[in-house]
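Visitor: I have a protein model open on my screen and would like to learn how to read it. Could you walk me through it?

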Amino acid sequence: MTPQLKCILLVDDDEPTNYLHQDVLEDIGISKNITVAETAAEALQLLQRPKIADCKVPDIIFLDLNMPGMNGWDFIDEYAQMHRAYSKKPLIYILTTSTNPADKKKAEGIKEIAGFMSKPLTEDMIMNMVQQHFPD
Amino acid sequence: MMNHEKDSRLKNRYANLMDSLISSINDIDIQKMKAYHEFFKDKQEDLRDWLTKELMDHPVFGEVIRSMPKDALEKQWQLSQQIQYHAIFEGKWEEYILHQIQQGIQYAQMNVSFHLWYDVLSLVRNRMIPILMETSPNYASILPILEGMNRFYDLGMGVMAEAYLGEKQNVIENQKMEEKRINKKLKRTLHEMGLKNQELEQFAYIASHDLKEPLRTASSFSKLFEKKYKDALDEKGKMYLSHISGSHERMITLINGLLEYSHIGKEGEREILDCNRLISEVLEDLDQMIKENNAKVTCEKLPVLEGFPTQLKLLFQNLITNAIKFRKKEVNPIIDITAQDNQNHWEVCVRDNGIGIEEAYYQKIFNIFQRLHTKKEYNGTGIGLAHCKKIVELHGGKIWVSSQPGTGSKFYFSIPKQHNHDTTTQMHSPGR
């Protein structure tokens with residue numbers, strides 16, 4: 001049932017969170033590769049020089065907002081500039097603990113963002129997302 | 001502008017003044033004033049044109065004259081001539097004096113210096129004398145006219161000055177009443193703010209305290225679980241457990257930091273403090289950390305200032321700890337603490353040779369929970385510098401950083417030499 005994606009990128013500064021999300025994704029078996037970045041800068045670096053060829057343009061990026069140094073918003077700015085030339089674009093999902101409605105509103109105004117979700121990532125959330133974006 | 005009610009109030013207010021002035025005018029005065037007025041009437045065209053020209057250049061009156069329509073100016077001139085005439089020739093002094101009173105009040109309300117008005121009179125006098133000399137070489141005939149003019153203007157200006165001062169007093173009293181009202185309002189607002197602050201602190205305290213309780217229980221059980229069942233778990237299970245207890249510990253550290261942060265300024269009194277002694281105490285406390293990192297901390301002679309001992313110590317401790325924590329891996333930390341006397345405040349600088357901070361983060365780092373590095377790189381809560389900022393602001397100062405990534409950072413803070421008692425009582429009283 002679940003489609004086989006090539007790559008999902010998790011960007012979060014909290015190690016246990018990444019572990020948990022990776023675990024959930026692996027259990028569903030949705031993607032061949034799951035890569036993890038603990039800072040926005042590291043994520044950008046991974047995208048520029050991917051360790052796995054499939055991860056040059058991931059299918060989905062789960063992005064935390066509140067991160068040390070460069071935050072989620074900064075990442076989107078940089079990434080949008082970096083990937084202007086690419087025809088294929090990853091789905092960027094904001095995955096945050098922020099309950100601030102202003103954040104949600106801001107996210108809705110950014111075209112690169114596919115959705116705004118609350119941590120932690122669950123199986124239901126993933127299944128809904130898959131139905132919406134990968135119907136076949 | 002003035003209504004009748006106000007007019008009558010003024011009449012009453014200055015009734016005594018008028019009585020004493022009018023009774024002081026004798027027949028000789030009247031004769032001299034008449035002579036002056038006759039002369040003035042004859043020469044008024046010449047005097048008026050000259051005076052208008054002179055006043056045009058005046059920084060205050062120039063604007064007034066330019067803003068007035070020509071016929072209004074003409075009317076005012078005529079009116080003042082008429083009033084003068086009625087007073088001197090018909091003894092209708094009341095009208096004249098009331099006119100002067102009104103002008104005095106007007107000037108006081110406009111907050112225009114009384115001297116300015118007096119300046120205009122000097123202009124008239126200055127112009128009168130040469131004209132008098134030209135028309136009449138006879139000194140004896142000039143003198144009564146000059147004396148009449150002086151007497152007439154002294155009379156008028158005397159009244160005007162009294163009115164000016166009286167009104168000025170009135171204005172001041174009104175201002176004082178307004179100030180009192182504002183002060184009262186301010187006091188009430190401050191009191192309300194104090195209560196709100198207290199509520200907020202209590203909330204932070206209770207919330208943190210209540211949060212700690214279930215957290216401690218969860219943490220205790222996970223430790224117990226680990227102790228009793230660890231061996232029964234596979235690698236993944238062990239990993240889950242380690243993340244559980246890791247998160248618990250982190251949460252406890254965060255809550256404690258938050259509790260401490262929300263309690264700044266709630267203990268102790270201001271004292272005269274020798275920063276040199278404070279630093280040596282801090283260095284003693286940090287002895288182990290300094291040795292482990294091979295750090296070298298030097299400090300110049302530091303000031304003696306008034307402050308809260310526990311807080312200032314914590315400020316230095318946080319800044320020094322940060323300087324050591326954010327060191328470059330291959331370089332031993334060197335920290336230098338200096339102070340500068342900037343007249344009304346001390347400026348202290350803590351300089352290090354650490355990793356430095358990019359300019360984009362100069363402000364951000366002082367926000368609570370704002371971190372620049374992952375927990376793996378540099379562990380921490382993101383409270384330290386926010387704490388420092390709160391301490392410096394408690395002392396009425398400012399904190400800022402200047403840095404070059406890769407070279408080191410300079411953290412500066414200022415402490416005023418004289419503190420504002422009001423703000424400190426404000427900040428302190430609600431908590432006690």
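**Where the chains meet**

Guide: Gladly! Let's begin with the contact between the chains: 14 residues of chain B are in contact with 15 residues of chain A. Keep in mind that this is a predicted model.

Visitor: How is the size of such an interface given, and what is the buried area between chain B and chain A?

Guide: The size of an interface is often given as the accessible area that is lost when the parts come together. Here, the area buried between chain B and chain A is about 1,200 Å², and carbon and sulfur atoms give 47% of that.

Visitor: How many salt bridges does the rule find across the interface of chain B and chain A?

Guide: The rule finds one salt bridge across this interface. Lys236(B) forms a salt bridge with Asp23(A), and their closest N and O atoms are 2.6 Å apart. The rule also finds four residue pairs in polar contact across the interface of chain B and chain A, with both residues at pLDDT 80 or more. On the side of chain B that touches chain A, the residues divide into four nonpolar, five polar and five charged.

**Reading the sheets**

Visitor: Now the strands. In which order do the five strands of the open sheet in chain A stand?

Guide: In chain A, five strands make an open sheet in the order β2-β1-β3-β4-β5, with parallel pairing. At its edges are β2 (31-37) and β5 (113-118) of chain A, each pairing on one side only. Neighbouring strands of this sheet are turned by 20° against each other on average, direction ignored.

Visitor: Which residue in β2(A) stands opposite Ile8(A)?

Guide: Ile34(A) does. Strand β1 (residues 5-11) of chain A and β2(A) run parallel and are joined by six bridges. Now look for helix α5 (residues 123-133) of chain A, which packs on the sheet and touches β3 (60-63), β4 (91-96) and β5 of chain A. The direction of helix α5 makes about 155° with that of β4(A).

Visitor: Is the pairing in the five-stranded open sheet of chain B parallel, antiparallel or mixed?

Guide: The pairing there is mixed, and the strand order is β2-β4-β5-β7-β6 (chain B). Strands β2 and β6 (399-404) of chain B stand at the edges with a single partner strand each, so one side of each has no neighbour in the sheet. On average, neighbouring strands of this sheet are turned by 15° against each other, direction ignored.

Let's follow β4 (residues 334-342) of chain B. It pairs with β2 (residues 296-299) of chain B in the parallel sense over four bridges. In β4(B), Asp336(B) is the bridge partner of Thr298(B), and Ile334(B) is that of Lys296(B). Seven bridges join β4(B) to β5 (residues 345-351) of chain B, and these two run antiparallel. Asn342(B) stands opposite His345(B) in β5(B).

**Backbone exceptions**

Visitor: Which residue takes a positive phi in the hairpin of β4(B) and β5(B)?

Guide: For background, most residues other than glycine have a negative phi, and most peptide bonds are trans. In this hairpin, which has two residues between the strands, Gln343(B) takes a positive phi near 60°. Asn294(B), in the loop between α11 (287-292) and β2 of chain B, also has a positive phi, near 55°.

Visitor: Where is the residue that a cis peptide bond joins to Lys119(A)?

Guide: That residue is Pro120(A), and omega of the bond is about -5°. You can find Pro120(A) in the loop between β5 and α5 of chain A.

Terms used: Residues are numbered from 1 along each chain as its sequence is written. Chains are lettered from A and ligands numbered from 1 in the order in which they are written. This is a predicted model: local features need pLDDT of at least 70, side-chain atom pairs count only at pLDDT 80 or more; totals for chains, interfaces and linings use all residues. Side-chain values use heavy atoms; hydrogens and water are left out. Contact means heavy atoms within 4.5 Å. Buried area is the accessible area (1.4 Å probe) that two parts lose on being put together, summed over both. A salt bridge is a side-chain nitrogen of Lys or Arg within 4 Å of a carboxyl oxygen of Asp or Glu. A polar contact is a pair of N or O atoms within 3.5 Å; within protein, one must be able to donate a hydrogen and the other to accept it, and residues adjacent in sequence count only if both atoms are side-chain atoms. Ala, Val, Leu, Ile, Met, Phe, Trp, Tyr, Cys and Pro count as nonpolar, Asp, Glu, Lys and Arg as charged, and the others, Gly among them, as polar. Two strands pair if DSSP finds at least two bridges between them. Axes are lines fitted to C-alpha atoms, for helices over the stretch in contact, and angles run from 0 to 180 degrees between N-to-C directions.
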